Amino acid sequence: MIAYFDLQRLPLRYNGPMTLHHDLHSHSLASDGTLSPAALVARARAAGVDVLALTDHDSLDGLAEADSAAREQGLRLVPGVEISVTWSKQTIHVLGLQVDRHCPELQAGLRSLQAFRDWRAEEIGRRLAKAGIEGGFEAARGLAQGRIVSRTHFARFLVERGHAATMREVFKRYLVNNKPGYVPGQWASLEDALGWIQAAGGLAVLAHPARYRLSASKLRRLLGEFREGGGVGMEVVSGSHSRDEALTMAALSRTTPLLASRGSDFHGPENPWVELGRLQELPPGCHPLWESELWLPRAA
Ligand code: AMP
Ligand code: MN
Ligand code: MN
Ligand code: MN
């Protein structure tokens, strides 16, 4: 308990990378992770994480539980969300960190994405049925347990049914563009997502920019538009970036400029290659988000 209160009172100038381990991107059962928010916090604490952001896809539902677990266990929880965005006909992910989960504008925005998810899930089910695979919608909805339905839930069902051996394989064969279970559609616009995050007093951080496989010039355009629209940071070190990609992203964070963030994108212990508490440090020359004056602690 003492550790928790000391952490909360630390003046920001002492809140640097040398003292605290930050992991600012993770998932729980509230979206497509496999741990409850409390179990996620416990695992992060045990792995040596001091500051953890819970950033479920298009949902704030895990934050209350994560916050009480964090208070009990002496970890600082950053209330967050990972918003699905369509930019230039492509899906990208925008993190809102330090968001007020009670903000009506953010909640309404996420409700519209959840409604699209519900419709899309039924449509994925219909398309899989056409390809001869029955019961996908019901199974995915069952796995989601009343929370948001993600392609990940369909992937787990398809693997269980033996349609592919691994999650990676099942996505490739069924759940990406031009495959039987892929449904195109519109997520939030970048402008809307940035507006909701700002309304909730949060900081917008572009998630795993190297994963979108954009050309160098298109990535620079995205980063520029993101910053123009009020985005403040980008993930440099990510569970889905290689070391080389982290170096490239570090250089882009300096030239754009955007503050640098670091997050595992942990979804559960089933994916041991992305673990909590095992991220490399930000490359030299980055300006860490958590050393910025914008980084003010907020209670979840
Ligand atoms: P959705 O937001 O419902 O379209 O689902 C996207 C989620 O699927 C991502 O957040 C990842 O967790 C997961 N995902 C996407 N591609 C893959 C892949 N190739 N292998 C495993 N999981 C993936
Ligand atoms: Mn996911
Ligand atoms: Mn993502
Ligand atoms: Mn994520």
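**Entry 1: ligand 1**

Which residues are around ligand 1? I looked this up first, keeping in mind that the model is predicted. I found Asp-32, His-57, Arg-117, Arg-120, Ser-150, Arg-151, Thr-152, Arg-168, Phe-171 and His-267.

Next I checked oxygen atoms of the ligand against side-chain N or O atoms. For Arg-120, I read 2.6 Å between such a side-chain atom and an oxygen of ligand 1. For Asp-32 the separation is 3.0 Å. For Thr-152 it is 3.2 Å. I then looked at cover. On its own, ligand 1 has 500 Å² of accessible area, and the protein covers 76% of that.

Some names from the first entry came back here.

His-57 and His-267 are 210 residues apart, so I checked where each one sits. His-57 is in the loop between β2 (51-54) and α3. His-267 is in the segment after β7 (259-263). The pair thus links distant parts of the chain.

His-267 is at 17%, and it counts as buried because the cut-off is under 20%.

**Entry 2: the manganese ion, ligand 3**

I moved on to the other metal site. The manganese ion (ligand 3) is 5.7 Å from the manganese ion (ligand 2). What coordinates ligand 3? I found Glu-82 through OE, His-93 through ND1 and His-208 through NE2. These distances are 2.1 to 2.2 Å. The spacing in sequence reads E-x10-H-x114-H.

Glu-82 belongs to strand β3 (residues 76-87), and His-93 to strand β4 (residues 90-97). I count this pair, 11 residues apart, as another link between distant parts of the chain. Glu-82 and His-93 are both buried.

**Entry 3: nonpolar cores**

I then turned to the nonpolar residues. In soluble globular proteins, nonpolar side chains tend to be buried together. In this model the largest nonpolar core holds 73 residues. Ile-83, Val-94 and Leu-289 have the most contacts inside it. Strand β3 supplies six residues, the largest share of this core.

What does Val-94 contact, beyond its neighbours within four places in sequence? The list includes Val-81, Glu-82, Ile-83 and Val-85. It also includes Leu-190, Leu-194, Ile-197, Ala-204, Val-205, Leu-206 and Phe-226. Glu-82 in that list is also a donor to the manganese ion (ligand 3).

Another core, of 17 residues, lies apart from the largest one. Among its members I noted Phe-137, Ala-140, Phe-154 and Ala-164.

**Entry 4: Ser-68**

Where is Ser-68? I found it in helix α3 (residues 63-73). Its side chain reaches the backbone oxygen of Ala-64 at 3.0 Å.

Methods:
Residues numbered from 1 in each chain as written. Chains lettered and ligands numbered in written order. Predicted model: local features only at pLDDT ≥ 70, side-chain atom pairs only at ≥ 80, totals over all residues. Heavy atoms only, no water. Donors = N, O, S within 2.8 Å, 3.2 Å for Na, K, Ca; no water. Helix = DSSP H or I, 4+ residues; strand = E, 2+ residues; numbered from the N terminus. Buried < 20%, exposed > 50% of the residue type's maximum accessible area, 1.4 Å probe, protein only. Core = buried A, V, L, I, M, F, W, Y, C linked by side-chain atoms within 4.5 Å. Contact = heavy atoms within 4.5 Å. Polar contact = N/O pair within 3.5 Å; in protein donor to acceptor, adjacent residues only side chain to side chain. Near = heavy atom within 4 Å. Areas by Shrake-Rupley, 256 points an atom, 1.4 Å probe, with all protein chains shown as cover.
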